[in-house]
Amino acid sequence: MTTALMEDQRRQGMNAAVLRTEIRLFRREPGALFWILLFPTLLLVILGSVPSFRHAEADLGGLRTIDVYVPVAVLLGLIVGGLQAMPQTLTGYRERGILRRMATTPVRPSALLTAQMTVFGGAALASAVLALTVGRLAFDVRLPKQPAGYLLALVLAVLVSLALGAVVSALSRTTKIAGAIGSAVFFPAMFCAGLWAPVQTMPDVLARIVGCTPFGAAAEALNRAAAGDWIGWTHLGVLVAWTVGLTAAAARWFRWE
Amino acid sequence: MCGHPPSRDADAMSVIEVSELRKSYGGRPVVDGVSFTVQEGEIFGVLGPNGAGKTTTVECIEGLRVPDAGRVRVTGLDPIADHARVARVLGAQLQQSELQAKLTVREALDLYASFHARPADWRPLAERLGLTGKLTTRFAKLSGGQKQRLFIALALIGDPRVVVLDELTTGLDPRARRDTWELIEDIRANGVTVLLVTHFMEEAQRLCDRIAVIDKGRVAALDTPAGLIRRSAGATVISFTPSAPLDDRDLNALPALASIAHKDGRVTLAGTDETVNAVITLLARSHVTAHQLRVTEATLDDAFLDLTKETAA
């Protein structure tokens with residue numbers, strides 16, 4: 001009983017040490033810091049600096065362009081972190097035998113996987129908070145009217161992007177392949193999130209298709225929560241289904257070496 | 001009398017036990033019935049050509065691979081079923097394994113120390129390994145020798161009973177290699193059992209108490225370095241420049257002769273002590289003087305080539 005408890009505490013201590021190390025290493029990656037934390041907000045600032053983007057548009061249901069780009073910026077940080085940065089790091093760890101080395105110690109290599117997800121998930125959330133804050137302060141974009149629903153949609157979006165990233169890591173034998181798959185998935189993901197045309201402006205059929213993709217559903221859920229509506233069981237269901245399916249696929253295909 | 005309970009007697013002195021280990025990849029056997037036992041406090045060498053199955057064997061000991069068949073025990077524990085407990089008594093230095101590029105030496109030591117309940121103090125360890133001046137250097141900026149020394153430090157940081165060192169000195173310059181050898185002797189002097197995987201004969205001959213020569217997934221021989229040399233054909237080499245030509249028939253009739261070679265008037269014969277005695281008798285009888293007579297023991301190199309040739313046949 002007590003030894004099992006000590007064992008548990010020791011394991012938690014080890015996992016915490018791995019997480020602390022990964023956070024420290026993440027802070028040493030200026031590229032990742034810029035693209036995940038700053039770039040989405042920077043994009044928002046650039047768009048917000050265009051005068052016409054600050055006028056209400058009938059096409060957007062009376063919203064301004066800057067208003068509909070806040071959720072896009074929120075999703076951008078999450079997609080870069082989950083889909084591009086994390087698979088590169090994880091595949092590199094496997095390729096260079098870092099996971100193997102860890103497997104010879106009492107700590108399980110899954111601790112490193114969990115730490116990576118925590119780091120990139122946390123960074124994506126921080127990036128989202130930054131985009132929302134700058135949107136509110138600089139461009140007077142209203143904060144989500146349904147904060148609880150918005151948070152739920154955001155957390156699900158983070159989970160689905162991490163799950164998708166885990167699948168990319170599982171399928172890529174080398175960092176080069178991870179980079180290629182990451183980029184290939186990045187553009188459709190950003191399209192669905194509404195980077196080129198916000199989901200509200202898409203034709204009906206297209207919007208319905210996009211609504212079935214993880215980031216399309218996330219964009220719609222965020223929009224609805226921002227407007228004060230319930231995010232909707234459909235979007236919620238789509239996000240949960242993708243998260244569960246992708247996590248199962250990653251767990252099945254992930255190789256430690 | 002000895003104080004050990006009878007049931008533990010068999011394991012009392014053996015730290016690693018491998019018996020009838022088998023592992024195949026895609027139907028091709030890589031390890032094909034390997035057995036050996038490593039005693040407490042010894043430096044045990046696993047020697048063999050590239051692709052002989054050395055690394056796969058030690059990976060089964062480290063718990064990185066699940067054997068297809070056979071039994072592996074580390075201090076009496078199963079490396080797969082009891083992975084966490086084995087990881088606490090076994091330190092591993094892996095072939096071709098790196099660390100996070102931007103992790104500093106000190107952070108790596110701290111991190112790996114945190115994986116153990118009673119880690120060794122990393123300060124004297126870093127001192128002994130000459131890493132004290134490099135504590136704030138990132139892994140990617142270390143030289144090959146410094147990286148290897150850090151890996152040894154990480155293998156030792158859990159204060160293990162046994163360390164597995166796989167191709168430790170590959171890619172090091174001769175100076176760094178010799179430093180590493182001293183370090184390994186130092187590790188053993190501190191009571192740690194060492195399992196050393198290598199393909200350098202000189203390294204095995206200098207360091208190991210016993211050596212398992214692995215070839216094509218099997219143990220071709222298991223003995224002390226001197227024993228391996230003795231048991232190989234042509235362990236003793238005698239060479240000389242005769243003052244007058246000797247009859248080839250007489251030479252070929254020498255007892256226990258393994259090989260014979262003529263070059264620039266010099267005769268080189270490989271055999272045993274018996275061959276040496278017979279040559280001296282032959283020279284005296286033929287009234288031939290042997291100039292620059294040399295009798296040398298074969299090296300482990302010769303023995304190794306001989307042993308691996310046998311299994312090839």
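**Reading the model**

Modeller: Along the sequence, chain A runs α-α-α-α-α-α-α-α-α-α, with helices (H or I, at least four residues) and strands (E, at least two) taken as DSSP runs numbered from the N terminus. The count for chain A is ten helices and zero strands. This is a predicted model, in which local features need pLDDT of at least 70, side-chain atom pairs count only at pLDDT 80 or more, and totals for chains, interfaces and linings use all residues. Residues are numbered from 1 along each chain as its sequence is written, and chains are lettered from A and ligands numbered from 1 in the order in which they are written.

Biologist: How does the radius of gyration of chain A stand against the globule rule?

Modeller: The radius is taken over C-alpha atoms, and the rule is 2.2 Å times the number of residues to the power 0.38. For chain A the value is 19 Å, close to the 18 Å that the rule gives for 257 residues, so the chain is as compact as a globular protein of that length. Its C-alpha trace spans about 65 × 35 × 35 Å along the principal axes.

Biologist: Is A:Trp233 buried or exposed?

Modeller: A residue is buried if 20 or more other C-beta atoms, placed from the backbone, lie within 10 Å of its own, exposed if 12 or fewer, and partly exposed in between. A:Trp233 counts as exposed because it has 9 C-beta neighbours inside 10 Å. This residue is found in helix H10 (residues 233-253) of chain A. Of the 257 residues in chain A, 45% are buried.

Biologist: Which helices of chain B each supply at least two residues of the side that touches chain A?

Modeller: Two residues are in contact if their C-beta atoms, placed from the backbone, lie within 7 Å. On that basis, 21 residues of chain B are in contact with 17 residues of chain A. Helix H3 (83-89) and helix H4 (105-113) of chain B each supply at least two residues of that side of chain B. H4(B) is largely enclosed by the rest of the structure, because seven of its nine residues are buried; among them are B:Leu109 and B:Tyr112.

Biologist: Over which residues of chain B is the pLDDT below 50?

Modeller: pLDDT is the predictor's confidence in each residue, from 0 to 100. Chain B averages 88, and 94% of its residues score at least 70. The pLDDT is below 50 over residues 1-12 of chain B. Where pLDDT is low, the predicted coordinates should not be read in detail.
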